[in-house]
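Subject: Structure handover

Dear colleague,

I am passing on the structure below, and I would be grateful if you could look through it alongside these notes.

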Amino acid sequence: MSYSKCTFLLACAVSASTVSVAWAQSSTVTPPIVPDFTAVDLNKDSGVDRDEFGRIIIDRFESKDLNRDGALSLDEFGKPLENTFNEADLNRDGKLSQEELLELRLREFDRVDRNRNNILGPIEYRQWGLDD
Ligand SMILES: [Ca+2]
Ligand SMILES: [Ca+2]
Ligand SMILES: [Ca+2]
């Protein structure tokens with residue numbers, strides 16, 4: 001491994017974090033799509049566990065369920081996300097239940113939880129981008 005490659009990777013990491021800081025600052029007007037780590041880490045142990053993660057998902061589910069029927073239609077979920085919607089709609093009834101949404105999101109949790117400790121640290125959490 002050459003020295004120059006290390007330098008290059010470091011430069012990439014630095015510029016990526018600069019971009020995300022700039023984004024975070026500009027997003028004070030529009031709330032960020034992914035809730036702030038500190039807001040999600042309810043017990044303040046510097047990790048987001050499955051319970052904490054599940055709570056975000058349920059909160060988001062409830063805020064999207066405009067007609068309060070306990071399920072998300074494609075309109076409520078967001079038309080541009082039809083592929084994600086269909087992937088999550090396991091019983092193919094054209095609606096997402098809380099369980100279906102949780103199952104989808106927990107698969108994302110597992111994907112982002114690189115060290116497989118069932119907890120997302122701040123860095124892992126940042127890799128998680130909700131597409132809705
Ligand atoms: Ca926690
Ligand atoms: Ca609904
Ligand atoms: Ca369904």
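The notes below go from the overall fold to one helix pair and then to the cores.

This is a predicted model, in which local features need pLDDT of at least 70 and side-chain atom pairs count only at pLDDT 80 or more, while totals for chains, interfaces and linings use all residues. Residues are numbered from 1 along each chain as its sequence is written, and chains are lettered from A and ligands numbered from 1 in the order in which they are written.

The protein has seven helices and two strands (DSSP runs, H or I of at least four residues for helices and E of at least two for strands, numbered from the N terminus), and along the sequence they follow the pattern α-α-β-α-α-α-α-β-α.

Helix α3 (residues 50-64) and helix α6 (residues 98-112) have axes that come within 10 Å and cross at roughly 135°, the axes being lines fitted to C-alpha atoms over the stretch in contact, with angles from 0 to 180 degrees between N-to-C directions. The two helices are therefore oblique to each other, since angles under 35 degrees count as roughly parallel, over 145 as roughly antiparallel, 65 to 115 as roughly perpendicular and the rest as oblique. Residues of α3 including F53 and F61 meet residues of α6 including L101 and F109 (contact means C-beta atoms, placed from the backbone, within 7 Å).

The largest nonpolar core has seven residues, F61, L72, F77, F85, A88, L96 and L101; such a core is a set of buried Ala, Val, Leu, Ile, Met, Phe, Trp, Tyr and Cys residues joined through C-beta atoms within 7 Å, where buried means 20 or more other C-beta atoms within 10 Å of a residue's own. Apart from that core lies another of five residues, among them F53, F109, L120 and Y125.

Best wishes

Technical notes: Buried ≥ 20, exposed ≤ 12 C-beta atoms within 10 Å, placed from the backbone. Contact = placed C-beta atoms within 7 Å.
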